[in-house]
Each structure stands twice: as structure tokens, then as C-alpha cells.
Amino acid sequence: MAARSKQVLRLYKELIREAGKFPSYMYRTYSLRRIKDAFREHKGETDNLKIDDLILYGRTNLDIIKRQVVIGQLYQEPESVIEHHLKASKANQ
């Protein structure tokens, strides 16, 4: 059981790390929120088969996020007002 917990935690960290690489603020915040909500929703899951399915689903989504990050970096959109404001506030701190 402890090995499975470590596996789930590692998957969570990988998903958060990859989602944080999205160049677009909107994609980044949406994906981070969805990852956190999904893990929170299934926090109390005890069925091992269901957990295995969820881990597989998470790994599949990790691969999708990795591909989308690369595509987002290739075809960057202009900086949004929110991104500009965030950069300005970080520079002023």
C-alpha cells in the first residue's frame, strides 16, 4: 500500500510540474485546478482496481500535457493582460 501511495504522489507531482510549464496562463491555471480537483475527488478511493485505472488515466493525461506544452511553446500567443500584470507585480516585489 505504501508503494502505491508513493506512486500516486509521484504522479501528482509530475502532473503539477508539467502543467506549470504551459506558456499560456489560461491553460496553466485550468490544468493545475483540474489536477488538484481530480486528486481531491478520488482521495478516499480504496478499490485497488479503480486506483490502478486512475493511475493509468493520470499517466495518459501526463503524456497529453507534455505534448501540449511543447505545442504551446512552438506556437506561443501574445502575452495576455493577466500575464503582463503578473510579470509586472513580480518585478515590483
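E18 has its place in helix α1, which spans residues 2–19; helices here are DSSP runs of H or I with at least four residues, strands are runs of E with at least two, and both are numbered from the N terminus. The model is a predicted one, in which local features need pLDDT of at least 70 and side-chain atom pairs count only at pLDDT 80 or more, while totals for chains, interfaces and linings use all residues. Residues are numbered from 1 along each chain as its sequence is written, and side-chain values use heavy atoms, with hydrogens and water left out.

**Overall build**

- The protein chain has four helices and zero strands, and its elements run α-α-α-α from the N terminus on.
- The radius of gyration of the protein chain is 16 Å, whereas a compact globule of 93 residues would have one near 12 Å. This radius is taken over C-alpha atoms, and the globule rule is 2.2 Å times the number of residues to the power 0.38.
- Along the principal axes, the C-alpha atoms of the protein chain fill a box of roughly 45 × 30 × 20 Å.
- Of the contacts in the protein chain with a separation of 6 or more, 72% are between residues 24 or more positions apart (contact means heavy atoms within 4.5 Å).

**Surface and charge**

- Buried residues make up 16% of the 93 residues in the protein chain. Buried means under 20% relative accessible area, exposed means over 50%, and partly exposed lies in between, with a 1.4 Å probe and protein chains only.
- The protein chain has an accessible surface of about 7300 Å², and 56% of that surface belongs to carbon and sulfur atoms. Accessible areas come from the Shrake-Rupley method with a 1.4 Å probe; for residues, only the protein chains shown count as cover.
- The protein chain carries 18 positive and 12 negative charges, and their mean positions are 6 Å apart. Lys and Arg count as positive and Asp and Glu as negative, while His and the chain ends are not counted. Each charge is placed at NZ of Lys, CZ of Arg, CG of Asp or CD of Glu.

**Annotated span**

- The unreviewed UniProt entry annotates residues 6–63 as "domain: Complex 1 LYR protein". UniProt positions follow the numbering used here, feature names are shortened, and annotations may be inferred rather than shown by experiment.
- Residues 6–63 are 81% helix and 0% strand, and the end C-alpha atoms of this span lie 19 Å apart.

**Individual residues**

- E18 counts as buried because its relative accessibility is 13%. Leaving out residues up to four places away in sequence, E18 touches L62, I65, K66 and V69.
- K50 lies in helix α3, residues 48–74, and counts as partly exposed because its relative accessibility is 35%. K50 and T29 are 21 residues apart along the chain, and their C-alpha atoms are separated by 27 Å.
- H85 lies in helix α4, residues 81–92, and is exposed, with a relative accessible area of 54%. H85 and M26 are 59 residues apart in sequence and 14 Å apart in space, C-alpha to C-alpha.
- S89 also lies in helix α4 and counts as partly exposed at 29% relative accessibility.
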